[in-house]
Amino acid sequence: MNRIPFAPLALGLAGLIPFIFGALTSLGWLPSVWGMGGPMFTLAYGSVILSFMSGVLWGFATKTTGARAAAGFALSVLPALWAFFMRGDTLFSAATYQITGFIGLLLLDFQFSKWDLTPTWWMRLRVLLSTIVIVCLASLLL
């Protein structure tokens with residue numbers, strides 16, 4: 001079954017709200033609320049999500065053994081390490097690093113899917129969510 005179940009789809013879309021809100025406030029299309037919004041808000045949330053997704057990939061790695069498990073565990077920590085070390089010293093570099101991080105995450109999702117460690121619908125969900133996240137982050141470059 002390739003259909004994305006309701007709960008992961010709904011929660012995944014809800015997880016986009018801070019990205020969309022941050023992008024809209026960064027573009028000046030919405031006001032910041034209680035000091036939240038704008039580029040720093042979006043980038044901080046992006047770091048949280050890259051770290052969260054490392055944990056998801058770690059969970060997938062637990063479904064296998066041997067060399068594949070070792071590779072899976074090693075690969076699973078990359079998004080969190082990327083978010084921590086690749087901070088950038090300007091808005092442009094920080095947004096570019098995060099865009100690169102989410103593209104890399106999507107490639108890792110593909111690899112874990114290729115290893116049959118993910119649900120059959122995983123890549124449909126990840127492509128949808130990653131595309132929206134990358135567009136929101138790209139709005140910071142305007």
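Reader: Let's start with Asp-116: buried or exposed, and at what relative accessibility?

Author: Buried is under 20% relative accessible area, exposed is over 50%, and partly exposed is in between, using a 1.4 Å probe and protein chains only. Asp-116 has 64% relative accessibility, so it counts as exposed. Bear in mind that this is a predicted model: local features need pLDDT of at least 70, side-chain atom pairs count only at pLDDT 80 or more, and totals for chains, interfaces and linings use all residues.

Reader: Where does Asp-116 lie, and what is its phi?

Author: Most residues other than glycine have a negative phi. Asp-116 has a positive one, near 60°. Asp-116 sits in the loop between H6 and H7; helices here are DSSP runs of H or I with at least four residues, numbered from the N terminus.

Reader: Now the inside. Which residues have the most contacts within the largest nonpolar core?

Author: Think of a nonpolar core as a set of buried Ala, Val, Leu, Ile, Met, Phe, Trp, Tyr and Cys residues joined through side-chain atoms within 4.5 Å. The largest one here has 31 residues, and Phe-60, Phe-102, Trp-122 and Leu-137 have the most contacts inside it. Helix H2 (17-26), H3, H6 and H7 each supply at least two of this core's residues, with H3 giving the most, eight.

Reader: Take Phe-102. What is it in contact with, leaving aside neighbours within four places in sequence?

Author: Contact is simply heavy atoms within 4.5 Å. For Phe-102 the partners are Phe-19, Gly-46, Ile-49, Leu-50, Val-133, Ile-134 and Leu-137.

Reader: How much space lies in the largest pocket, and which residues lie nearest its centre?

Author: A pocket is an open set of points, on a 1 Å grid over the protein atoms alone, where a 1.4 Å probe fits, with protein on both sides within 12 Å along at least five of seven lines; lining residues have an atom within 4 Å of a point. Points are joined across faces, edges and corners, and the volume is the space filled by probe spheres set on them. The largest pocket holds about 300 Å³. Of its 18 lining residues, Gly-12, Phe-52, Met-53, Arg-126 and Leu-129 lie nearest the centre. Helix H7 (122-138) is one of the helices that supply at least two lining residues, and H7 gives the most, six.

Reader: And Arg-126 itself: buried or exposed?

Author: Arg-126, in helix H7, counts as buried because its relative accessibility is 6%. Apart from neighbours within four places in sequence, Arg-126 is in contact with Met-53, Leu-105, Leu-106 and Asp-109.

Reader: What about the second largest pocket: how much space lies there, and which element gives the largest share of its lining?

Author: That one has about 160 Å³ of space. H3 gives the largest share of its lining, four residues. Leu-43 and Ala-83 are among the lining residues; they are 40 residues apart in sequence and 9.5 Å apart in space, C-alpha to C-alpha. Leu-43 is found in helix H3 and, at 9% relative accessibility, counts as buried.

Terms used. Residues are numbered from 1 along each chain as its sequence is written. Side-chain values use heavy atoms; hydrogens and water are left out.
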